[in-house]
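Please keep the sequence and the 3D view open while reading.

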Amino acid sequence: MANTTGLNAPEVAASMGLILAAVVEAAALLGNGALLVVVLRTPGLRDALYLVHLCVVDLLAAGSIMPLGLLAAPPPGLGRVRLGPAPCRAARFLSAALLPACTLGVAALGLARYRLIVHPLRPGARPPPTLVLTAVWAAAGLLGALSLLGPPPAPPPAPARCSVLAGGLEPFRPLWALLAFALPALLLLGAYGGIFLVARRAALRPPRPARGSRPRSDSLDSRLSILPPLRPRPPWGKAALAPALAVGQFAACWLPYGCACLAPAAQAAAAEAAVTWVAYSAFAAHPFLYGLLQRPVRRTLGRLARRALPRPPRACTSRAWHPRALLQHLHRPPEGPVPGPSEAPEQAQDLAGRESLSMPEAT
């Protein structure tokens, strides 16, 4: 019984890893596709081009290197499909180019938000987004071209190493870790650190008194209202949420992969599947972190969701006993013709006769 459990444990672990990887793949495709549609439908979004670029890079990665990771991961990884020499080099090039494009794009988005918040009235200090994204893709293309200089995949008995970590790229992996991880991490930390300092300074600044405001009275209620709470909260707590989430997500997803690039080849190959899919989880986290935290994106998403979902039929409620409807009904003019002065006495006599006839019946 123990031997059977021991034999089935690697298969169970591989199956669980395959399920988690498929969930990450589906979340990356659906989340980035939905965010791309919402960003294109949101007018006046200042960092729209950077968000569109990030969505496109995530979709390219979710459609190319993530399925290859599901099918051709090294054992004891997720897949068992063996790639030939040409597909192996293509997978290595895509992995070495798309991952730096993603990390550098995230850093460019953080710097753009820093300039929009800290220097909102100085548009000349902001470089054009096309120039920034061109530099991002130039660096990504350089790193992808360096990956093609590695050795071809091993013969069939040995596992084919089609990634940066275990593809025989030991001379280039430190440069790749420096440009793809260390540089974006420093840029992102500086940008969101500056945003946090500006928000903290604005939160600690006392509010200016409004014009024409009356002085506070000296009553007991007014004295109690200005007392500090029992557990004071820091005024910069809400301002620190977005920078902490952005920097924490980047460090959690990309730091293990960057450390594996600096590790020896044997240790990097052993941890390849785990650190690779931890890095791939960033593609699924970007739509929620950089999309749903923006109020214009949430408003546009809610508007599109209301248009797409079928509206429930309105219940036909009776308004006969509503006070306003009842008053309108009482003040409404009669629908029949107005009686003339000659017809009015005759109608009064008829009404009096009917009342006199109905009196004995009532008694």
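In α4 the residues Arg92, Phe93, Ala96, Ala97, Leu98, Pro100, Ala101, Leu104, Gly105 and Ala108 meet Val132, Val136, Trp137, Ala139, Ala140, Leu143, Gly144, Ala145 and Ser147 of α5, where contact means heavy atoms within 4.5 Å. This is a predicted model, in which local features need pLDDT of at least 70, side-chain atom pairs count only at pLDDT 80 or more, and totals for chains, interfaces and linings use all residues. Residues are numbered from 1 along each chain as its sequence is written, and side-chain values use heavy atoms, with hydrogens and water left out. Helices (H or I, at least four residues) and strands (E, at least two) are DSSP runs, numbered from the N terminus.

**Packing of α4 with α5**
- α4 and α5 pack with their axes 8 Å apart and at an angle of about 155°, the axes being lines fitted to C-alpha atoms, for helices over the stretch in contact, and the angles running from 0 to 180 degrees between N-to-C directions.
- The two helices, α4 and α5, are therefore roughly antiparallel to each other (angles under 35 degrees count as roughly parallel, over 145 as roughly antiparallel, 65 to 115 as roughly perpendicular and the rest as oblique).
- α4 passes α5 in a right-handed crossing; a crossing is right-handed if the near helix is turned clockwise from the far one by less than a right angle, and left-handed if anticlockwise.
- The contact of α4 with α5 divides into 15 nonpolar, three polar and one charged residue, with Ala, Val, Leu, Ile, Met, Phe, Trp, Tyr, Cys and Pro counted as nonpolar, Asp, Glu, Lys and Arg as charged, and the others, Gly among them, as polar.

**Packing of α4 with α2**
- The axes of α2 (residues 48-63) and α4 come within 9 Å and cross at roughly 165°, and α2 and α4 are therefore roughly antiparallel to each other.
- α2 passes α4 in a left-handed crossing, and the residues in contact include Tyr50, His53 and Asp58 of α2 and Cys102, Val106, Leu109 and Arg113 of α4.
- By class, the contact of α2 with α4 has 13 nonpolar, two polar and three charged residues.

**Packing of α4 with α10**
- The axes of α4 (residues 85-118) and α10 (residues 272-290) come within 12 Å and cross at roughly 25°, which makes α4 roughly parallel to α10.
- α4 passes α10 in a left-handed crossing, with a contact made by Ser95, Leu99, Cys102, Val106, Leu109 and Arg113 of α4 and Tyr280, Phe283, His286 and Tyr290 of α10.

**Pocket and cavity**
- On a 1 Å grid over the protein atoms alone, a cavity is a set of points where a 1.4 Å probe fits but cannot get out, and a pocket is an open set with protein on both sides within 12 Å along at least five of seven lines; lining residues have an atom within 4 Å of a point.
- The largest pocket holds about 780 Å³ of space, and of the 23 residues that line the largest pocket, the closest to its centre are Arg113, Ala242, Leu293, Gln294 and Arg295.
- The largest share of this pocket's lining, four residues, comes from α8, and by class the lining has 15 nonpolar, two polar and six charged residues.
- The largest cavity holds about 70 Å³ of space, a volume being the space filled by probe spheres set on grid points that are joined across faces, edges and corners.
- Among the residues lining the largest cavity are Ala96, Leu143 and Ser147, and α5 gives the most to this lining, with three residues.
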